[in-house]
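Please open the model in your viewer and keep the sequence beside it. The stops below are given in the order in which to select them.

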Amino acid sequence: MLRPFLLAAAALLAGCSTLGVERATESPYPPDFKTSCSRLDARGDASRALRWYRVSAEQKVAYRQAYQRATQLVEQAAQGRTPGTWAVIADADETLIDNSVFECESQFRHWTTFDDARWTQWVEARLATALPGAVSFSEVVRKLGGKLIVVSNREAPKHLQATRENLAAIGIQFDAVLLSTGAKDRDKTRRFEQVQKRGIPDAKLPPLAVVLFVGDNIKDFPDLTQANSGDPGRFGRDYVLLPNPTYGSWERTRLR
Ligand SMILES: [Mg+2]
C-alpha cells in the first residue's frame, strides 16, 4: 500500500491562499494524472525524494543494477531445479511498478495522510508503469521455469483485478497476485508461508520453493522490520532490495 509523502513545507502552505493552492484543493479527483508531475514541477515545491525517484539517472541505474543481480541469482537457482517447482516472490508497488505519478498528485494537493479512496482511484486508473529492469526480470524467471508470485499490500478483493490488469498491460509476467485481505493482514508472513507450504489453488500452483524475495520495503522480506533488518549477507543473495526514498515503513522512525 502506498502512503503519501509527508511534506512539512506543503503542510505550512496548506492554509494560504495562493492561486496554486486554491486550484490544488478545488480540482476534482481523480484528476488528469498525465499532468500531475508537470503541475507539481511548475509550482516548484516537489520533494527531493520524489524528484530523485521520478527523474534521476541514479534511480534508473539502481533499479537496473538490482534487477541484474536478481537475474544472476535466479539463473544460479534454476540450475538443477525442476521447472514449475520454484518461485520468486516480488512486491508490486515501487518494486515492479512505479506509482510516482500518484505521489506527484499527492504532493500537488498537499495530502499528508494516506486516503484509501484516493489510492483506490489511482489503482483503478491502471496507470502504474514498469520500473527499469522489472519486465525483463519477470521474463527471465518464467523462461527459466520459475513462477513469479506478486505479494502486495494492495487490498483484495477491491484492488485485485485492476492490479492484475495493470501488471499485464505493461508486460510484467506473473503467475499469481496475493494481496492483503485488510488492515489485519498487512504482515506478509502468512502469504509467504502459503506460497511455500500450501501453494495457491486459485492459480493451480503447488507449494513452491522460494529462491528469491524482491522488494522496496524491509517488510517485503520474511520476519524483517525496521528494528531488525536481519543478516546483511542475505541481501544480494536471498533478497534483493530496491531503493524507495519517497515512502516506507521507515517514516515513523525517530531521527537520532
Ligand atoms: Mg512496495
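Which strands does helix α9 lie across, and at about what angle does α9 run to β5? Select residues 160-169: helix α9 lies across β4 and β5, running at about 140° to β5. Helices (H or I, at least four residues) and strands (E, at least two) are DSSP runs, numbered from the N terminus. Residues are numbered from 1 along each chain as its sequence is written. The model is predicted: local features need pLDDT of at least 70 and side-chain atom pairs count only at pLDDT 80 or more, while totals for chains, interfaces and linings use all residues.

Next, select the sheet. Five strands form an open sheet in the order β5-β4-β1-β6-β7, with parallel pairing; two strands pair if DSSP finds at least two bridges between them. At its edges are β5 (176-180) and β7 (239-241), each pairing on one side only. On average, neighbouring strands are turned by 20° against each other, direction ignored.

Within this sheet, select β1 (residues 86-90) and β4 (residues 147-155), which pair in the parallel sense over four bridges. Ala-90 has Val-150 in β4 as its bridge partner.

Finally, select α4 (residues 48-55) and α6 (residues 100-108). These helices pack at an angle of about 150°, their axes 10 Å apart; axes are lines fitted to C-alpha atoms, for helices over the stretch in contact, and angles run from 0 to 180 degrees between N-to-C directions. The angle therefore makes α4 roughly antiparallel to α6 (over 145 degrees). Leu-50, Tyr-53 and Arg-54 in α4 meet Ser-100, Glu-103, Cys-104 and Gln-107 in α6 (C-beta atoms, placed from the backbone, within 7 Å).

Terms used. Parallel < 35°, antiparallel > 145°, perpendicular 65-115°, else oblique. Contact = placed C-beta atoms within 7 Å.
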